[in-house]
Every structure is written in C-alpha cells, then in structure tokens.
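Q: I would like to go through the aromatic rings of a structure with you. Could you show it first, please?

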Amino acid sequence: MAELTGRSQGVARGKGGSMHMYTKNFFGGNGIVGAQVPVGAGVALANKYLDRKAICVSLYGDGAANQGQLFEAYNMAKLMNLPAVFICENNGYGMGTSVDRASASVNYYTRGDYVPGIWVRLCVCVVTISVL
Amino acid sequence: MAVTATRIAKSLTGVLGRSFSTSRVAAANQLTVRDALNSALDEEMERDENVFLMGEEVAQYDGAYKVSRGLWKKYGDQRVIDTPITEAGFAGIAVGAALGGLRPVCEFMTFNFSMQAIDHVINSAAKTFYMSAGLLHVPIVFRGPNGAAAGVGAQHSQCFGAWYSHCPGLKVVSPYNSEDAKGLLKAAIRDPDPVVVLENELMYGTAFPVTDEVLSNEFVLPIGKAKIEREGSHITLVAHSRAVMVALEAATALAGEGVECEVINLRSLRPLDEETIVQSVIKTHNLVTVEQGWPQSGVGSEICARIVESPAFHYLDSPVIRVTGVDVPMPYAKSLEVACIPQQHDVVKAVKKVLKLIK
C-alpha cells in the first residue's frame, strides 16, 4: 500500500508505483505490457544456465497477448528449450476493447503454436506444478 | 583462438629485437579494433563464466563482422548463442537473463536494429535499478556497430549516440581506437548496470599501435573519462568514435599552418567528461565539436549547453561551432554519402571560422 501511494516506506521507496514492485524472485511489474514476456523467458534462460531447477512464469493479459515480442519469446523459448511458463489472464477486455475486436484468434492457449497450451476456465484456480 | 597480428608482431620482435637498440619503439604491438573487441570478449568470458554473448550470427558465423571469431568454438552453445532475427524478443530475453543473475552481452548487428528493441534497452534495463529503488541491478551490455558505414543507405547509417546518452540509467561509451575498444568493452562487461557500447564498423579493420599493458587481460578503462589525444593551445576539438580520426587529421593539417588544436576523444557519452572539456576550453578559449550524428539535439549540442553553464563560458573568444552529419537521411550514392559526413576540410573550415582566420 505504501508503494501504491508513493510513500518512501514502499517496497520500491515510492519510486516504482503500482506497476513496478519487486521482491525476491519477482521481477516486476512492467508498464510496457508484453515486455515482461521475453524478460521472463530470459529469467528462465538464467535458471537453466545456472542449473537452478526452477521455472519462470510470465503473466500477461489478453490485450498484451497480441504483442509481437511474445511470439519472438515463444520462438526462442522453444528453440532453446527454456523452463518458461506463459500465462494469459483473459478477462475479456483490454481496457475498453473486447477480445474479439482486438484478436483475430481468441483461443489464447493455442497462440503459442508449437508451445503446448492449456485453457483453464476458472475464477479461482490453484495449480500445482512439479518442478523437474 | 585465431593467431592475431599482435602475436606475429611479438614473435618478430623477439627475432629482430636483438639486433637494434631502437627495436622496442619500432616494433610496437599492432592491434585492430576488431581484435581488441574479440580479446575483450574472450578475456571477460574466461574470467567470469556467467558472461555470455547472444545476437545474430555471433556463434557459427563467427560474427557478422567477425568480432566474435573463435568464441563459439571455444565456449560452445550455451555461452555464444545465435538468435533469430527478433531484436525485441532477444533483447528482452537478454535483460531477463541479467535479472536472473547472468552477465549477457547482447549484440545488435547494427544499432539501427536496436530501435526494434529500444523499449527493452530503456524501459526494461536502464530504468529498473531506479524503479526498484536499488533492489535490482541489470548487468547487461548492448554492443554493436553504430553510425554510418559505407554505402548502406539511410536505414543502416544512423548514429544513436544522442538518443542513448539522453537516458538516465544507461552508461554509453563510444570507442575510437583499439585501446578504447578493449578497455571500454571490458569495463562495460564488468559494470553492474546497463552499458551501451557504440562501436564503428569502419574502424574494425584499422590497426593501432598499443602498449603491452593494453594487451594484458586486466586492461580496463574508466567509463566517463575522456582522453586528450593531442595537446594544443589555440582551440579545442571534441569528438567521439570515428570523428576523432577526422579531428586528428584536421589537427595535423592545421598544425602545418601554425594552428595548434587540442583534440579530445570523449570515449564516453554518458557520463560525459565535462571537466576535461571545460579545463581544455579554459586553456584554449575556442571550441569546435565534431560528430557524425545529426545536429539537432546531438552530442555537440549537449557539449555547447554544458560549456555555457560552466565557468568555461567566460573564457570563450568566439561562439562554438558544431561540425555534424548533414541533417538528412543518409543518401546511398558514394559522393553524397561523403558530403553528408564531416570530413577533414569541414573541420578545418570550422576551426578557421572560430579563430576568425576566414569569414
């Protein structure tokens, strides 16, 4: 809350704000929607390189799902076999634009093409992932 | 690694050295800018196993300009990574790798292509330390050739010195010769924060004499410190990258006419070594800046502003002239390209105007 209200007691001392909060193993918060996806694939690359046996999860919305850099990230993640999980949080709208006005394909779980995807249709969801 | 000219020169020194007393001066080590960069990469990758290189053609092709020659063979697939032609994607991945604890060197085949990825350079890398209030460092290097090459046309010839040096959170270096290239790239790789290294394709093949110290694997130059390449008392010339060569050529020509130029090689654009420039202008009272980039909001403009805001302003005998690239997209025809990039005669003319030797 302190960070949201720009206080110096905030996690980023008031310099980050709502979009730029950071803590251990949490690399933000990115204001440029979609940019966090290749960045997340990069964290996965580091995890693999350093033999950490850890994955990196990148979350983005249905609006950001059309960003070109996502597909670039999927491509390289597949080529390099990175331990990356990409999660699209689809709430039906990117700001004021509904999904069918923004996306030629609204089956976001398929947009990874050669990266397998699943569609999870739940409001509250607990997912357990076993780390290899 | 490939045998370099330096190793040949060194073995010849051994053979010739016994005969002549002046041999140590005569057989100086010759090092091309390309080999300087190659050595810097090799030495830093050897020193720290978290340093890795990624970019287009850096591995199996040995580098689009052969800067990374031999590195893939030596370090393998994990540490020298060929990427697809997807700058936004791979620059973002490089930033993520830096956040994850590695020390990536992300190569742009030229900085023109960095425009596709500039969001990651600035928003994902440069601003993160500040936005996280010091929690997250991004120890990444973005490097590649910058500025005009020869006959590559408008979309492949832009200088990004002004754009990148504008942004807080970035360090920006612009080496001229081999010593600069090696020392600054090593410093960039060791730096805990993002550094942009603006190389120059036309300088890659140029050999410069270097000392044994430069050849050592601990040769690092400080970022943010300029070098006075030539001392003079009548006028200060300030330049970066290949324009330093043009400034030095002009200085030699002018010396023949009795004008002594002090030539400053900026080496770094951000931080800019304002102190060295100010002290020089206080001494010479006259200033000409030289750069290949466009005039508006350029490096020369920044230098002028800093001088105006400094004690050196009151020592100026004349207004400053900026010698810059012509304010047009780079044309293709050779004759036009030459006309668009500052040449020796452009600098000589500017100096003479400032010194009121011509109108």
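A: Here it is; please note that this is a predicted model. One term is needed at the outset: a residue is called buried if its relative accessible area is under 20%.

Q: Is B:F90 buried or exposed, then?

A: B:F90 has a relative accessible area of 0%, so it is buried.

Q: And how many aromatic pairs are there over all chains?

A: The count comes to twelve aromatic pairs over all chains. One of them is formed by B:F90 and B:F108, with 6.3 Å centre to centre and 35° between the planes, and this pair is tilted.

Q: Which parts of chain B does that pair tie together?

A: B:F90 belongs to helix α5 (residues 87–99), while B:F108 is in the loop between β4 (103–107) and α6 (118–126), so the pair ties together parts that are 18 residues apart in sequence.

Q: What about B:F108, buried or exposed?

A: B:F108 is buried, with a relative accessible area of 0%. B:F108 also pairs with B:F142: the ring centres are 5.8 Å apart and the planes are at 5°, so this pair is stacked.

Q: Where does B:F142 lie?

A: B:F142 lies in strand β5 (residues 141–145) of chain B, so its pair with B:F108 ties together parts that are 34 residues apart in sequence. B:F142 is buried as well as B:F108.

Q: Which residues do ring pairs link into a cluster?

A: The cluster consists of B:F90, B:F108, B:F111, B:F142, B:F160, B:W163 and B:Y164.

Q: Changing topic: what sits over the ring of B:Y61?

A: The charged end of B:K66 does, 3.9 Å from the ring centre.

Technical notes
Residues are numbered from 1 along each chain as its sequence is written. Chains are lettered from A and ligands numbered from 1 in the order in which they are written. This is a predicted model: local features need pLDDT of at least 70, side-chain atom pairs count only at pLDDT 80 or more; totals for chains, interfaces and linings use all residues. Side-chain values use heavy atoms; hydrogens and water are left out. Rings of Phe, Tyr and Trp (its six-membered ring) pair if their centres lie within 6.5 Å; planes under 30 degrees apart count as stacked, over 60 as edge-to-face and the rest as tilted. Helices (H or I, at least four residues) and strands (E, at least two) are DSSP runs, numbered from the N terminus. Buried means under 20% relative accessible area, exposed over 50%, partly exposed in between (1.4 Å probe, protein chains only). A charge sits over a ring if NZ of Lys or CZ of Arg is within 6 Å of the ring centre and within 35 degrees of the ring normal.
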